[in-house]
Amino acid sequence: MDGDSPARAAPLQMQWPAPLTPHEWDRRFPGILDGLGLMAGGANVILQLSRLPVGRGVLESRVESGNIFRHPFKRFRTTVTYLAVALLGTTAEKLAYRQAVNRQHAQVHSTAESPVAYKAFDPALQLWVAACIYWGFADAHEKLRGPMTREQAEAFYRLAEPIGTTLQVRPGMWPADLDAFTRYWEDGLQGLEMDEPVRRYLTDIADRKFLPPALGGGRGRFMTTGFLPPALRELMRFPWSPPHQQGFEHRLARMARINRHLPRVIRQLPYTLAMWDLRRRMRRGLPLV
């Protein structure tokens, strides 16, 4: 499932092709960088952390500044900035953000008391996280804009590889094409597990308990559950029925109709604003994460 050992031992990628501009992304894959897709973020976090070493790594993390329940807006900024850098950043920007994230990840590793072994620098665990992020982009796009053509889907898949290689995923680890990714993804879903502490932590994320009460609660869980694959709903013990699905699709369709009429610069604002902030921080020598 995790790729062969030689690929995992290969050198990190140090150079990437020039990225597409926000306008080029939207022309080739209309809506792929729309900020509206970020509402699936809670579901994507659950996907990532449903691989037990990843879940335990986040649950036990000693990086206080990255704790979503203590610093929710900072965590949102750094996460969106990473996505923006991976898809819109230059080589220099990717390397700078890698270095900043690595300083945080160096503190994330299991201890003698941990029920499972993990370390944030594990390329196989990072491959799973990157795969979840790629899948989340593609899934949200399909739900909000409809399916891509096969040609578009293959092209987006290839362009999404820096979601992994900007950090510790070696180039040879990224599944070779969409068919290979599908096999990797289905195997990964079959092997997911979580213990009760991780489940409680993820339930609090689904309920948006890191936000003020007026922004959390049942509405947050409903939308998060709608974006989860069925197997993850069962793993989380979140009930879901045909009426739930119909309500979810109706709500998404309404938001998607409004979103399509917005100017591109407004639709993409979370990502372009994150890049603006990153470049400002780099110029001024400010912390990137």
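Which residues form a nonpolar patch on the surface? L262, V265 and I266 do so, with about 250 Å² of accessible area together. This is a predicted model, in which local features need pLDDT of at least 70 and side-chain atom pairs count only at pLDDT 80 or more, while totals for chains, interfaces and linings use all residues. Residues are numbered from 1 along each chain as its sequence is written, and side-chain values use heavy atoms, with hydrogens and water left out.

**Overall fold**
- The protein chain has 16 helices and 0 strands (DSSP runs: H or I of at least four residues for helices, E of at least two for strands, numbered from the N terminus).
- Its radius of gyration, 18 Å, is close to the 19 Å that the globule rule gives for 289 residues, so the chain is as compact as a globular protein of that length (taken over C-alpha atoms; the rule is 2.2 Å times the number of residues to the power 0.38).
- Of the 289 residues, 48% count as buried (under 20% relative accessible area, with exposed over 50% and partly exposed in between; 1.4 Å probe, protein chains only).

**Surface residue V265**
- V265 lies in helix α15 (residues 264-267).
- V265 is exposed, with a relative accessible area of 51%.

Technical notes. Patch = residues over 30% accessible without salt bridge, like charges linked within 9 Å, V, L, I, M, F, W, Y side chains within 5 Å. Areas by Shrake-Rupley, 256 points an atom, 1.4 Å probe, with all protein chains shown as cover. Salt bridge = Lys/Arg side-chain N within 4 Å of Asp/Glu carboxyl O.
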